[in-house]
Amino acid sequence: MALLSKLFKKLEGEQEGKLVKEWDFLADDIITTSPAVSKDNSLIVFGTKSGKIYALDHNGSKVWEYTIEQKLGKEELIFLEEEKFKQVSAEPVIADIDNDGRDEIIICSEIGALFVLNHKGKLLWNFSSEDAIKASALVADVNKNKKLEIIFGSNDSLIYCLDSKGKLLWKFKAKSGIEASPALIDEKQKQIVVGSNDGTVYSIDINGKLLWEFKTEDKITAQAAIYSLDNENVHIVIGSTDNNLYALDDKGNLTWKHDTGGKIFSKAIIKDINKDNKPEILIGSCDDKMHVISNKGYKIWDYETNFWVVASPLILDIDNNNKPEIIISSYDGFVYALEGEGNFVLDYVPGISSITQQSGHYSDMITKEPGNFYGKLLYKYNAGSTITGSAVLLNDNKGILITTSTKELDKLIYTKL
């Protein structure tokens, strides 16, 4: 019977292991950002609805906390939602912006201010825009001066570029508010690419001048992914709430678009996951699926959850088998770990069809043509609440970090049964 049970598990795609919680941390208020992780995995930083910033070590112990303090006049308060007065919605950015060998933490807030903290959580400086800042800043050497700049957008329709001490270098006026993080094309002609609330994708040069623009049909909150899809030319891959994923060249011309069937809110992840020497594009969508799309814009396979997939997928060898897994965090409250390469399978096996449903199927009927690729579920974890953000810890502290609609941050690890 034990051997038969193992056979049935393999037929159903189940693995002999599971995801479990290693530790959790309870904040004072609802966590409203994905956790940011430092390059050495020593610091985990996230924000809350009340404007408190927490920094934890890799064991989940609090290192420090910082509360946003900003006095506003009556006129300013009129234009801010009371419930989101101090809320931090954007994932913090951890980077050594002053080249002193120690990380700083860049916080963008709904209050309309950007805060820079040192590695001990002390305020170094802040900069105010005229409206809410809802997306993370880009930190990069855009001016080719071997110093890092901070570029971010605001709902005041401006894109700002600051130096590492908070001095304004330039600002660019868009046609609508900005709720997406900028991205950088780091080629001979550097370009800053960012989407906007009216669906326009802007390309700006290092001095804040417009190079080109491209119009989608709805709001863009997703950061652009910059990648060479053909191993020759740079491409910009960006999703819109018009349900489409767009691939543009570096002049703003459309290469292809792919309709996912649902709104796209987060950045696409691009990686060769099936070892065919071609990059694949992974994107979450509000059609409840994570889509795997070819470098030509065609569907390879998808995996269906029970609610929206808003956060970007993660890629991590969570079970130490030298094969990458795709980690999906869904609004249905589950974390899904899928086989990275997908699975080439028949949808029907004579005699045992009722026990060979593939991942994402909900009936015993033959629902797809045999011989296609499907997402193969390896492990599944019930977080018990809507998952709002995720990140990975690597090296000796390998694991998955998730935040939910509660006040809790959890670290998940793989364990053998």
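Is Cys108 buried or exposed? Cys108 is buried, with a relative accessible area of 2%.

## About the model

This is a predicted model, in which local features need pLDDT of at least 70 and side-chain atom pairs count only at pLDDT 80 or more, while totals for chains, interfaces and linings use all residues. Residues are numbered from 1 along each chain as its sequence is written, and side-chain values use heavy atoms, with hydrogens and water left out.

## Cysteines

Buried here means under 20% relative accessible area, exposed means over 50%, and partly exposed lies in between (1.4 Å probe, protein chains only). Cys161 counts as buried too, at 0% relative accessibility. The structure holds zero disulfides, a disulfide being a pair of cysteine sulfur atoms within 2.5 Å.

## Aromatic rings

A pair of aromatic rings is described by the distance of the centres and the angle of the planes. Rings of Phe, Tyr and Trp (its six-membered ring) pair if their centres lie within 6.5 Å; planes under 30 degrees apart count as stacked, over 60 as edge-to-face and the rest as tilted. The structure holds 14 aromatic pairs. One of them joins Phe127 and Phe152 edge-to-face, at 6.2 Å centre to centre and with 75 degrees between the planes. This pair links distant parts of the chain, with Phe127 in strand 9 (residues 123-128) and Phe152 in strand 11 (residues 149-153), 25 residues apart. Strands (E, at least two residues) are DSSP runs, numbered from the N terminus. Both partners are shielded: Phe127 is buried at 14% relative accessible area, and Phe152 is buried at 0%.

Phe307 and Trp308 make a tilted pair, 5.3 Å centre to centre with 35 degrees between the planes. Here Phe307 is partly exposed at 35% relative accessibility, and Trp308 is partly exposed at 34%. Elsewhere, Phe25, Phe46 and Tyr54 form one aromatic cluster. There is also a charge over a ring (NZ of Lys or CZ of Arg within 6 Å of the ring centre and within 35 degrees of the ring normal): Lys380 lies over the face of Phe334, at 4.6 Å from the ring centre.

## The largest nonpolar core

Phe152 returns as a member of the largest nonpolar core. Such a core is a set of buried Ala, Val, Leu, Ile, Met, Phe, Trp, Tyr and Cys residues joined through side-chain atoms within 4.5 Å. Of its 17 residues, Ile106, Leu114, Trp125, Ile150 and Phe152 touch the most other members. Two or more residues come from each of strand 6 (93-95), strand 7 (104-108), strand 8 (113-117), strand 9, strand 11 and strand 12 (158-162). Strand 12 gives the largest share, three residues.

Four strands make an open sheet in the order 14-15-16-17, with antiparallel pairing. Two strands pair if DSSP finds at least two bridges between them. Strand 14 (183-185) and strand 17 (210-215) are the edge strands, each pairing on one side only.

Inside the sheet, strand 15 (residues 191-195) and strand 16 (residues 200-204) pair in the antiparallel sense over four bridges. Ile192 stands opposite Ile204 in strand 16.

Ile31 sits in the loop between strand 1 (17-26) and strand 2 (36-37). Ile31 is buried, with a relative accessible area of 1%. Where does the chain come back to Ile31? Ile31 and Leu409 are 378 residues apart in sequence, yet 7.8 Å apart in space, C-alpha to C-alpha.
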